[in-house]
Amino acid sequence: MDNVYLLNHEPNINPSLKEQISSDYEQIKYENMGLEKYILEKYNLDVSGKYGSLVTKNPFGKASGQLSSNISQIKTDAVDGLGFAVIKTVISQDENLESSMEDWKVKAPKMVVEEIVSERGEKGYTVTWKGRGWDKSFEDYLELVAKSFDIYKETQMPVIPSVQYHLPNSEEDFRESEYRFTTKSLERVWRESSVDLPFIVEQDFSATLSGLKNTKEEILRWLRVVPEMIDKYIATDNKIIGVKLFNPSFDDDFQVDMVRTLNDNASDIVGTITCFNRLFDFNKEFEGKKGIAYGGYDLSDRNLRVLTKFIAEYKEKTFVPISATGNINSGRMMVEYALRGATSGQIHTFFQIPSENFGLKEGSRTKKALHELMFNPTNGLVATMISLRNTLGIKEDNVFRFLDIPELHKKIQLDKLK
């Protein structure tokens with residue numbers, strides 16, 4: 001199998017700058033100035049990212065999951081510098097508290113982090129758990145969203161509610177009552193919070209949907225109808241609808257079809273597409289449950305292959321902004337996704353890997369992970385962006401923006417970066 005990765009493991013950086021990055025990796029020097037301003041002033045790098053049209057101070061966000069299921073976790077992420085956080089996914093319901101996807105409300109918070117070796121033989125990490133969506137009451141979820149907006153007011157870290165709406169098979173209609181009640185309830189909380197964010201909601205196509213073995217046509221029907229159904233019940237024009245795609249058990253070309261379907265049918269509705277949720281192993285067992293989602297390098301290999309095909313097709317076209325997810329374990333991996341059009345990345349597993357993988361030994365896991373993602377001398381975002389700047393022949397005096405990278409595929413042959 002060809003290696004899909006474009007960037008060298010050894011960054012193209014002069015010894016002096018390499019020494020500066022190593023010094024910043026060994027000791028935090030940005031606490032008074034702020035991380036992003038420090039990087040801009042010292043390295044002439046603007047690390048701002050975007051979730052859809054919303055600018056974030058850096059591209060690293062937390063993906064929806066067990067690590068964004070209470071207000072303490074959200075506050076830590078905000079105080080310790082993440083670009084944004086997607087709140088744990090709630091399952092849609094109607095005004096009678098009925099939910100057609102009730103089976104996704106699974107209370108099983110235990111998570112196990114373990115090494116996983118990809119088909120190529122590359123070692124990474126994956127995290128396994130049985131839980132799915134939010135398992136408490138819908139009112140509890142709305143309260144968490146409201147409190148998260150308060151955190152935003154204090155810290156300016158955007159917080160994003162996530163929903164898994166009803167997804168029917170080909171014989172069923174969409175349960176519109178669930179779309180109406182859930183969407184309107186979330187918008188009410190947003191309006192009552194008077195927060196200066198757009199109303200954002202991300203539809204989460206769970207990785208475990210693969211276990212249902214839906215047909216291609218059923219999946220494409222979801223992608224054509226779901227954004228319209230959500231948009232139908234949003235009153236404000238100040239909104240961002242995100243769609244997080246999963247990895248069904250079809251080939252890469254169908255995965256491209258999924259992204260194309262959203263762009264062709266809903267580009268005026270969908271504000272960002274999160275590509276792509278975890279892979280699914282039908283045979284793997286965890287605590288008596290057969291069929292488990294997983295990550296690691298098989299996931300990033302597939303995601304990057306698919307996005308490479310997609311941006312080649314859309315080289316001359318505008319497409320819905322992409323927020324990446326899948327084995328983002330370094331700044332270099334973030335840039336690999338950015339080279340395929342991603343303006344931000346959503347992370348879950350990296351926050352849980354063993355502590356010996358982090359250079360920073362004090363602080364929360366969020367703080368350690370973000371420091372590693374930024375300043376690792378070999379694969380951090382600072383080292384990778386400087387290396388890319390040098391490879392592209394951009395002068396050090398010019399500010400190099402992270403958000404310039406998603407546009408590069410329109411200007412250069414990406415294969416020449418290898």
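I began with Lys-105 and set aside its neighbours within four places in sequence; Lys-105 is then in contact with Ile-91, Gln-93, Ser-99, Gly-133, Trp-134 and Asp-135. A reminder to myself: this is a predicted model.

Next I looked up where Lys-105 sits, and found it in the loop between strand 5 (84-91) and strand 6 (112-117).

Then I turned to the helices. Helix 3 (residues 71-79) packs with helix 4 (residues 138-155) at an angle of about 20°, and their axes are 10 Å apart. Angles under 35 degrees count as roughly parallel, so this pair is roughly parallel. I noted that their crossing is right-handed.

Which residues meet there? From helix 3 I listed Ile-71, Ile-74, Lys-75 and Ala-78, and from helix 4 Leu-144, Lys-147, Ser-148, Ile-151, Glu-154 and Thr-155. Sorted by kind, the residues of this contact are five nonpolar, two polar and three charged.

My last stop was a pair of strands. Strand 12 (residues 279-286) and strand 13 (residues 289-294) pair in the antiparallel sense, over five bridges. I followed Leu-279 across and found its bridge partner in strand 13, Tyr-294. The hairpin of these strands has two residues between them, and there Glu-287 takes a positive phi near 50°.

Definitions and conventions:
Residues are numbered from 1 along each chain as its sequence is written. This is a predicted model: local features need pLDDT of at least 70, side-chain atom pairs count only at pLDDT 80 or more; totals for chains, interfaces and linings use all residues. Side-chain values use heavy atoms; hydrogens and water are left out. Axes are lines fitted to C-alpha atoms, for helices over the stretch in contact, and angles run from 0 to 180 degrees between N-to-C directions. Helices (H or I, at least four residues) and strands (E, at least two) are DSSP runs, numbered from the N terminus. Angles under 35 degrees count as roughly parallel, over 145 as roughly antiparallel, 65 to 115 as roughly perpendicular and the rest as oblique. A crossing is left-handed if the near helix is turned anticlockwise from the far one by less than a right angle, and right-handed if clockwise. Contact means heavy atoms within 4.5 Å. Ala, Val, Leu, Ile, Met, Phe, Trp, Tyr, Cys and Pro count as nonpolar, Asp, Glu, Lys and Arg as charged, and the others, Gly among them, as polar. Two strands pair if DSSP finds at least two bridges between them.
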